[in-house]
Amino acid sequence: MMESIKISGLQVFAYHGVFEAEKELGQKFILDMEIFLDMSKVFYTKDLQYSVHYGLLAEFESKFFKENRSALIENAADDLASAILNEFPLINEINITVSKPWAPVHLPTENIEVRVHKKWETIFLGIGTNLGNKEQNLNKAIEKIRESNKIRNLIKSSFIETKAWGVEDQPDFLNGALKLETIMKPHELLLFVKGIEEELG
């Protein structure tokens, strides 16, 4: 179980929403966040470099949420969680709640909120191709994977040429594997790599 830091009740005036009035006039949002990280080095060194400065974290959270507008608070919460995990590499996992107390639902509610959970997970991804310049195709795909702000610490294997299996009347394949960390859920990752596959033909 990792240690955690909580920042609760951070009030931010921002311009997220579907309706034009929300985009123009803005409204109050309340942000609650819990981050998880390994603090074992902090405990015996008493050195802040092995933890996360919660003052800087709160400033980043507030600034990002104000400057990056979304129609849906679901997207606002997801984008904020991803940005924090990228900006503060010691954070392994994050829970974020975005509350919208002034949501235009025209009913007597106290609050509307969206909760997002993200975590860096280590995965292994098989890659392969049997069309065109095969090595160039794989290297291009890897570079596009690296560009995502939801992926880090990518390591690639060597490439191995193999005969086609199943449908054998086709060119040999060049195959490899990637080890990486990602905050994407499995289906999101599948759509992401399929998009790269289609883009590269």
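# Exposure, helices, loops and pockets

Q: In which strand is the place of D32?
A: D32 is found in strand β2, where strands (E, at least two residues) and helices (H or I, at least four) are DSSP runs, numbered from the N terminus. This is a predicted model, in which local features need pLDDT of at least 70, side-chain atom pairs count only at pLDDT 80 or more, and totals for chains, interfaces and linings use all residues. Residues are numbered from 1 along each chain as its sequence is written, and side-chain values use heavy atoms, with hydrogens and water left out.

Q: Why is D32 called partly exposed?
A: The relative accessibility of D32 is 24%. Buried means under 20% relative accessible area, exposed means over 50%, and partly exposed lies in between (1.4 Å probe, protein chains only). D32 therefore counts as partly exposed.

Q: Which residues does D32 touch, not counting residues up to four places away in sequence?
A: With contact taken as heavy atoms within 4.5 Å, D32 touches I7, S8, G9, N95, I96 and T97, residues up to four places away being left out. As for separation, D32 and S70 are 38 residues apart in sequence and 18 Å apart from C-alpha to C-alpha.

Q: What makes E61 count as buried?
A: E61 has 0% relative accessibility and so counts as buried. E61 lies in helix α3. Setting aside neighbours within four places in sequence, E61 is in contact with I7, L10, L31, M33, L80 and I84. The C-alpha atom of E61 is separated by 25 Å from that of K41, 20 residues apart along the chain.

Q: Why is S51 called buried?
A: S51 has a relative accessible area of 14% and is therefore buried. S51 belongs to the loop between α2 and α3. Its contacts, leaving aside neighbours within four places in sequence, are I5, L37, V42 and L90.

Q: What makes K46 exposed?
A: K46 is exposed because its relative accessible area is 71%. K46 is in the loop between α2 (40-45) and α3 (54-67), and its phi is near 55 degrees, a positive value in a residue other than glycine. Most residues other than glycine have a negative phi.

Q: What makes H106 exposed?
A: The relative accessible area of H106 is 75%, so H106 is exposed. H106 lies in the loop between β3 (93-99) and β4. Phi of H106 is near 60 degrees, again a positive value in a residue other than glycine.

Q: What puts the buried residues of α5 on the same side of the helix?
A: In α5, K134, L138, A141, I142 and I145 are buried. They cover an arc of only 100 degrees around the axis, which puts them on the same side of α5; the arc is that of the directions from the helix axis to the C-beta atoms. What covers them includes β5, β6 (151-156), β7 (160-162), β8 (173-182) and α6. The 13 residues of α5 should span 18 Å, and the end C-alpha atoms are 19 Å apart, which agrees.

Q: What volume does the largest pocket have?
A: Its volume is about 520 Å³. A pocket, on a 1 Å grid over the protein atoms alone, is an open set of points where a 1.4 Å probe fits, with protein on both sides within 12 Å along at least five of seven lines; lining residues have an atom within 4 Å of a point. Grid points are joined across faces, edges and corners, and the volume is the space filled by probe spheres set on them. α6 gives the largest share of the lining, six residues.

Q: How do the residues of the lining of the largest pocket divide?
A: They comprise eleven nonpolar, seven polar and two charged residues. Nonpolar covers Ala, Val, Leu, Ile, Met, Phe, Trp, Tyr, Cys and Pro; charged covers Asp, Glu, Lys and Arg; the others, Gly among them, are polar.

Conventions. The expected span of a helix is 1.5 Å times one less than its number of residues.
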